[in-house]
Amino acid sequence: MKHIKGIIFDLDGVLVHTDELHYQAWKQIADKAGIPFDREVNHRLRGVSRMESLAIILENDDKNRTDEEKQAMADEKNKLYRNLLKSLTPLSVEPDIRKSLHALREKGIKLAIGSSSKNARTILQNIGLSTMFDAVSDGNNITHSKPHPEVFLLAAQYMGLTPEECTVVEDARAGVDAAVDGGFTCFAMGDAADYGRATHRIENVKDILDYFD
């Protein structure tokens, strides 16, 4: 992959696992509102924005919520989630992931984050990876969440690269769709590993190094 000059990583589920923290926060919101919510519903929230996640949860609601009520629920979820993020430390990142990122940088590959989360920078700081990336594109600078390709297109732009010069690493189908629709190649892992639109399938982040030997 000699033409690849940059790699854009999704954050949650790829570099660090915060899925359980999202679930715990949304579960508290749903239980308080009397809305049925389980891990099957939570699985549908992967890769999408906070308000879109709430819209999915409210599909099981028997009340017509006002926009103000919806915003209050989303804000409360974020407050709960940010409190749970305090549990993240550099030990939350697997050693192989940290080593792989260093190895890619040594090969001259630029690295970026492409995440729909508005808490991406806080997470990076808590896990000790904030200085590892050349660019961060997240929920604070996009108007469309995945599967729209905007977050990845901006990440490439911030690195001064074209989509053809970058590849994306994702664990959600919505993220794979965003990458492919944006003109990127894509490494898929985790829940997205069996998705047919992915360019490559890997077990973990360190497997990416095999493509850059």
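Which residues does Thr167 touch, not counting residues up to four places away in sequence? Thr167 touches Met1, Ile4, Gly6, Ile7, Ile8, Thr185, Cys186 and Phe187, where contact means heavy atoms within 4.5 Å.

The model is predicted: local features need pLDDT of at least 70, side-chain atom pairs count only at pLDDT 80 or more, and totals for chains, interfaces and linings use all residues. Residues are numbered from 1 along each chain as its sequence is written, and side-chain values use heavy atoms, with hydrogens and water left out.

Thr167 lies in strand β4 (residues 166-170); strands are DSSP runs (E, at least two residues) and helices likewise (H or I, at least four), numbered from the N terminus. With 0% relative accessibility, Thr167 is classed as buried (under 20% relative accessible area, 1.4 Å probe, protein chains only).

| Pair | Value |
|---|---|
| Thr167 side chain and Thr185 side chain | polar contact, 2.9 Å |
| Thr167 and Lys206, C-alpha to C-alpha | 15 Å apart in space, 39 residues apart in sequence |

A polar contact is a pair of N or O atoms within 3.5 Å, one able to donate a hydrogen and the other to accept it within protein; residues adjacent in sequence count only if both atoms are side-chain atoms.

Elsewhere, the axes of helix α1 (residues 19-33) and helix α4 (residues 67-84) come within 9 Å and cross at roughly 140°. Residues of α1, including Trp26 and Ile29, meet residues of α4, among them Leu80 and Tyr81. By class, this contact of α1 with α4 has nine nonpolar, three polar and three charged residues.

Key: Axes are lines fitted to C-alpha atoms, for helices over the stretch in contact, and angles run from 0 to 180 degrees between N-to-C directions. Ala, Val, Leu, Ile, Met, Phe, Trp, Tyr, Cys and Pro count as nonpolar, Asp, Glu, Lys and Arg as charged, and the others, Gly among them, as polar. Buried means under 20% relative accessible area, exposed over 50%, partly exposed in between (1.4 Å probe, protein chains only).
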